[in-house]
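Dear colleague,

I am handing over the structure below, and my notes on it follow directly after. Please read them with the model open beside you.

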Amino acid sequence: MLSRLVLTDFRNHADTVIAPGTGFVVLTGENGAGKTNVLEAVSLLAPGRGLRRAALGEMARQDGPGGFGVAASLNDATEIATGAVPTAPERRIVRIQGAAAAATALAEWLTVLWLTPAMDRLFTEPASERRRFLDRLTLAFSPAHAVHSNRYDAAMRARNRLLGDDSPPDPDWLSALEAQMAEHGAAIDTARRETVSTLAEALADQPEGPFARAGLSLDGWGGPTMADTLAADLAQGRRRDAAAGRTLAGPHRSDLAVTHLAKAQPAALCSTGEQKALLLGIVVAHADLVAARTGHPPILLLDEVAAHLDPVRRAALFERLAGRGQVWMTGTEHALFDGLGGDAFRMTIGTAFR
Ligand SMILES: Nc1ncnc2c1ncn2[C@@H]1O[C@H](COP(=O)(O)OP(=O)(O)OP(=O)(O)O)[C@@H](O)[C@H]1O
């Protein structure tokens, strides 16, 4: 949980300080006030590119000196900071307790999950978005997941480059890269499968409530012998991959398949509202599991979620998330959050009040 967040030259925030409590954090303000920007800043306290997947240079305040900073104090007094300096605006800097660290190390300290309006299309979008979502869920259980993903991607990029060269590639170098892909690919696949099965079990046990119960499975490549099968597939598939200009086998091709259990229907065929309810159901069940396993509930960022729920579901969401750690929510109207009562930390961008 964050006890203090300081944004410096981050998008439209020249210098914004937020000192929230341990529960709900409600950010209200007019359109364009900078509410989502605050959530984006929090999302940068996890590995990856944040909830907009924006380039670092885009996040530095336009009329500022260049570069930006996002600094957070955690409840246990850990200090985390990330940002970029004006002389290297595209190089991400991460500091944990004042010492330089890799972005992947952030997963050891915090789990941050988000739902944004852009994710309304998660079930109909290409599989890459669902993989990213699944990887965020997985990071909470397995902080090394980010390291495996980075190493796998780096080895795959190097292999693709080698196969794309005009000169014949060095077979030993290719084998070494494929061995790395097999090792990290197997770790990625195992961690994802563990997340999917644990979460699917938890969802199946839940009573049917305001949030639809989702059935989850991991589609595509993978399985218990994946390290061996991937290594063999990559070795045999060099000509195929060279012709395609990319690697056609591996965990970067898996997909998270989601069904609406009560309707026995793929999520992609459900209504927009039903899809949102499915996503919320997954995120809330995941938050419970993470809290139970690690003792630290994830930080949830729910961007404009309250406005899109009917009053019954909104009240149910508030009730379900009460006491389950820090839940950041945004909206243009104070009234949306009346049901939260007096304990919520509320802030209109620029003015804090309780
Ligand atoms: N690098 C930047 N420098 C300065 N301002 C920026 C930068 N990037 C984005 N902005 C501004 O931030 C504002 C958008 O902020 P944000 O998306 O957080 O709004 P919001 O409060 O969530 O609004 P809405 O209710 O419409 O979703 C826009 O006015 C945009 O011009």
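Helix H1 (35-43) and helix H2 (56-59) each contribute at least two residues to the shell around the ligand, helices being DSSP runs of H or I with at least four residues, strands runs of E with at least two, both numbered from the N terminus. H1 gives the most, with three residues. The ligand is surrounded by 17 residues, the closest being Asn-12, Asn-31, Lys-35, Thr-36 and Asn-37; a residue is near a molecule if its C-beta atom, placed from the backbone, lies within 6 Å of it. This shell divides into three nonpolar, ten polar and four charged residues, where Ala, Val, Leu, Ile, Met, Phe, Trp, Tyr, Cys and Pro count as nonpolar, Asp, Glu, Lys and Arg as charged, and the others, Gly among them, as polar.

Please note that this is a predicted model, in which local features need pLDDT of at least 70 and side-chain atom pairs count only at pLDDT 80 or more, whereas totals for chains, interfaces and linings use all residues. Residues are numbered from 1 along each chain as its sequence is written.

The chain is divided into domain 1 (1-111 + 296-354) and domain 2 (120-129 + 145-272), with bounds from an automatic or database domain assignment. Their C-alpha centres lie 29 Å apart.

Three strands form an open antiparallel sheet in the order S9-S10-S11, two strands being paired if DSSP finds at least two bridges between them. S9 (214-219) and S11 (265-266) are the edge strands, each pairing on one side only. S9 is joined to S10 (residues 255-260) by six bridges, and Leu-218 has Leu-256 in S10 as its bridge partner.

Best regards
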